[in-house]
Amino acid sequence: MITMKEIAKLANVSSATVSRVLNNSGYVSEDVRKRILTIIEETGYIPSEHAKALRTKQSNVIGVILPRLSTETSTRVVTGISEELAKHGYQILLANTNLDPEKEIEYVKLLKSKQVDGIILLATNKGEDLITEIKKLPIPFVATGQNIDGVPSVINDSFNAAKEITNLLIKRGHKKIGFIGVSEKDWEVGHQRKAGYKDALMEAELPFVEDWVQTGDFTIESGYISMKQIYEVSTEKPTAVVSVTDRLAIGAMEYIKEKGLTIPGDIAITGMGASDLAKYVFPPLTTIDLLSEKIGIEAATILLSMIKEGISSDKKIIDYRLIIRDSI
C-alpha cells in the first residue's frame with residue numbers, strides 16, 4: 001500500500017504539503033495541488049482515517065444504538081439522526097440490541113472503544129447499570145425515548161398524547177374504555193402512556209377496570225392476544241380501546257374482525273405512532289404522529305452542540321399530532 005511519504009516523493013513536495021491538500025487546510029499553490037491530486041488518483045492512495053482520527057482526536061463517526069431494526073419508529077429516528085449528521089460531515093455506526101437491556105450496556109462500552117465522537121441511544125429503559133455506564137463516558141451522549149436524569153434526553157410527550165387520544169374517545173361518548181400497553185419498565189411507552197390514559201378517565205369520572213387493561217410486547221400478535229384476553233376475561237365489554245402502539249392496535253383490530261364484530265360500530269380502537277400500516281388497515285386507524293424523525297434531528301443537533309461547542313442540555317420534549325380516522 002502506498003504511503004503519504006511516497007506520494008510526497010512522487011510529487012516532489014513535503015509530506016506536510018500532501019497533508020494540507022488532503023485536509024484542505026493551509027496554503028498550497030494551485031499547480032502543486034493539482035499535481036498531488038493527480039498522483040493520488042493515479043496511485044489509488046486512500047488516506048488512513050484511523051491515523052487522521054488519532055491526529056485530530058475526531059473520527060467523524062457517531063455511534064447509534066437502537067432497540068430493533070424492524071420498527072418504523074426506530075427507522076424514522078435514525079433517518080433524522082443520519083440526515084442531520086450528514087450535513088455536518090458525520091457518519092453513523094449502528095448497533096441493534098434486539099430489545100435486550102444488557103446489550104444496551106454492552107454497546108455503550110463497545111462504541112466507546114471504537115473511538116466514536118459521540119453516542120445516541122434509542123433507549124427502552126432507565127436501568128441503574130445503564131445510567132452508571134453512560135455517566136462514565138468521556139464522550140458526548142444523548143438519549144432518546146427515555147428521560148434519563150442527568151443525561152441530555154429527547155422524548156415524546158407520552159403522557160399528554162395518551163391523555164388526548166383517550167379524551168377524544170370520551171368526547172365521542174365512550175364511557176367504557178380499555179387499554180393495551182407494554183411493560184412499565186419502559187417508562188415512556190409503558191408507564192407514561194398508561195398514566196395519561198388513567199388521568200383522562202379520572203378527570204371524566206369514568207371507571208378504570210383492571211379486566212379491560214392488558215400488557216403486550218410491541219408486536220401485532222400480542223395486540224391480538226391482549227384484545228382476546230379483554231373479551232374472554234370480562235363479562236362487560238369496553239366500547240373503545242386505547243393501544244400504546246399502532247402494531248398493538250392492528251392486532252386488536254384483527255381479533256375484533258375474527259369475532260364478527262365491527263369497528264367502530266361495536267368497538268372503537270386507537271393506536272400511537274402513525275405507522276404506514278395505520279393508513280391502510282380497514283378501517284384506517286386513528287393514531288398519534290409522534291414526529292419520530294424530528295426526535296432524531298433534535299438528538300443529532302444536541303450531540304453536535306456538545307461535540308463542537310461543549311454545550312449540553314437537559315431534556316427536550318417533542319410535540320405530537322393527533323390523526324383522526326375511521327376506527328373511532
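1. In this predicted model, helices α2 and α3 are roughly perpendicular to each other, because angles of 65 to 115 degrees count as such and theirs is about 85 degrees. Their axes lie 10 Å apart. From α2 (residues 15-23), the residues T17, V18, V21 and L22 meet V32, R33, I36, L37 and I40 of α3. By class, this contact divides into 7 nonpolar residues, 1 polar and 1 charged.

2. Helix α3 (residues 30-43) also packs with α1 (residues 4-11): the axes come within 10 Å and cross at roughly 125 degrees. The pair α1 and α3 is therefore oblique. The crossing is right-handed. On the α1 side the contact is made by I7, L10 and A11, and on the α3 side by R35, I36, I39, I40 and T43. Of these residues, 6 are nonpolar, 1 is polar and 1 is charged.

3. The sheet is open and has 6 strands in the order β2-β1-β3-β4-β5-β11, with parallel pairing. Its edges are β2 (91-96) and β11 (315-318); each has a single partner strand, so one side of each is left without a neighbour in the sheet. Direction ignored, neighbouring strands are turned by 20 degrees against each other on average.

4. Within the sheet, β1 (residues 61-66) and β3 (residues 118-122) run parallel and are joined by 4 bridges.

Technical notes. Residues numbered from 1 in each chain as written. Predicted model: local features only at pLDDT ≥ 70, side-chain atom pairs only at ≥ 80, totals over all residues. Heavy atoms only, no water. Axes fitted to C-alpha atoms, helices over the stretch in contact; angles between N-to-C directions. Helix = DSSP H or I, 4+ residues; strand = E, 2+ residues; numbered from the N terminus. Parallel < 35°, antiparallel > 145°, perpendicular 65-115°, else oblique. Left-handed = near helix turned anticlockwise from the far one by under 90°. Contact = heavy atoms within 4.5 Å. Nonpolar A, V, L, I, M, F, W, Y, C, P; charged D, E, K, R; others polar. Pairing = 2+ DSSP bridges.
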